[in-house]
Amino acid sequence: MNTAFGSPSATAPIKVLLADDERLVRSGFKLLLDVEDDITVVGEATNGAEAVERARATRPDVVLMDIRMPKLDGIQATTQITATRGLERVRILILTTYDTDAYVFEALQAGASGFLLKDAGPAELLHAIRVVAAGEALLAPRITRRLIGQFTARRTAAKTAEDRLAVLTEREREVLALVGRGLSNDEIGAELSLSPATARTHVSHAMAKLGARDRAQLVVIAYRTGLVSPDA
């Protein structure tokens with residue numbers, strides 16, 4: 001029997017909303033997810049507008065969101081969902097076919113918790129759902145640094161770093177840099193000789209001070225402020 005990993009509670013399954021304009025894609029995801037004991041599909045949407053409506057109706061834990069959809073695209077739908085009162089805990093996992101898709105970075109800025117390529121294997125997809133449901137960031141290793149670094153460099157003035165990070169303690173800056181490099185709380189603790197609980201506390205403080213919705217937005221901030229570079 002499959003067991004929950006990072007689900008919102010010890011007993012309740014992770015509620016997933018599927019948003020993709022291709023029926024075959026949705027059917028494939030549903031078949032995969034329905035056999036998992038700790039995951040349940042609570043709805044499907046064929047476009048971004050439906051995704052927003054279904055999210056309001058079903059209050060899922062995770063939305064698997066395609067970027068390119070009619071009516072509203074995945075970025076616009078993500079923006080609306082994350083801005084809706086009562087849906088603050090909904091996590092958006094962006095699915096994309098393209099590993100150079102500029103819109104992925106914009107989706108992270110809009111409040112997505114991460115992204116995954118559509119050609120990911122079943123195990124990778126299941127892991128991604130469980131990770132973002134637990135409040136972690138999920139950024140596909142194949143493209144994270146190159147993509148975020150490329151579009152950050154293109155769109156951000158370098159001088160904003162000190163003003164943006166002034167609210168952080170030196171330790172919180174160190175932790176933010178390690179979050180930007182993709183380290184988990186356990187790995188951050190090992191790197192800085194802290195307990196995982198203390199590392200988690202520093203991450204939470206950094207999120208609160210910087211107004212970040214989750215770890216994915218901390219990663220974006222780390223790159224945008226130059227605290228982490230694409231070559232790090």
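In which sense do β1 and strand β3 pair, and over how many bridges? I am working from a predicted model. I find β1 and β3 (residues 62-66) paired in the parallel sense, with 4 bridges.

Next I took the pairing of β1 with β2. Strand β2 spans residues 39-45 and runs parallel to β1, joined to it by 6 bridges. Here I noted Leu 18, which has Glu 44 as its bridge partner in β2. I then followed the chain from β1 to β2: it passes through helix α1 (residues 23-34), and the β-α-β crossover is right-handed.

Is β1 enclosed or open? I count it as largely enclosed by the rest of the structure, because 5 of its 6 residues (14-19) are buried.

Then I turned to the largest nonpolar core, which has 25 residues. The members that touch the most others are Ala 19, Val 63, Met 65, Ile 81, Ile 92 and Ile 94. I listed the elements that each supply at least two residues of this core: β1, α2 (48-58), β3, α3 (74-82), β4 (91-96), α4 (103-110) and α11 (215-224).

Leaving aside neighbours within four places in sequence, I find Met 65 in contact with residues including Ala 19, Ala 51, Ala 77, Ile 81, Ile 92 and Ile 94. Gly 74 and Thr 78 are also among the contacts of Met 65.

Last entry: another core, of 23 residues, lies apart from the largest one, and its members include Ala 177, Val 203, Ala 212 and Tyr 223.

Methods. Residues are numbered from 1 along each chain as its sequence is written. This is a predicted model: local features need pLDDT of at least 70, side-chain atom pairs count only at pLDDT 80 or more; totals for chains, interfaces and linings use all residues. Side-chain values use heavy atoms; hydrogens and water are left out. Buried means under 20% relative accessible area, exposed over 50%, partly exposed in between (1.4 Å probe, protein chains only). Two strands pair if DSSP finds at least two bridges between them. A crossover is right-handed if, with the strands pointing away from the viewer, the path from the first strand over the helix to the second runs clockwise. A nonpolar core is a set of buried Ala, Val, Leu, Ile, Met, Phe, Trp, Tyr and Cys residues joined through side-chain atoms within 4.5 Å. Contact means heavy atoms within 4.5 Å.
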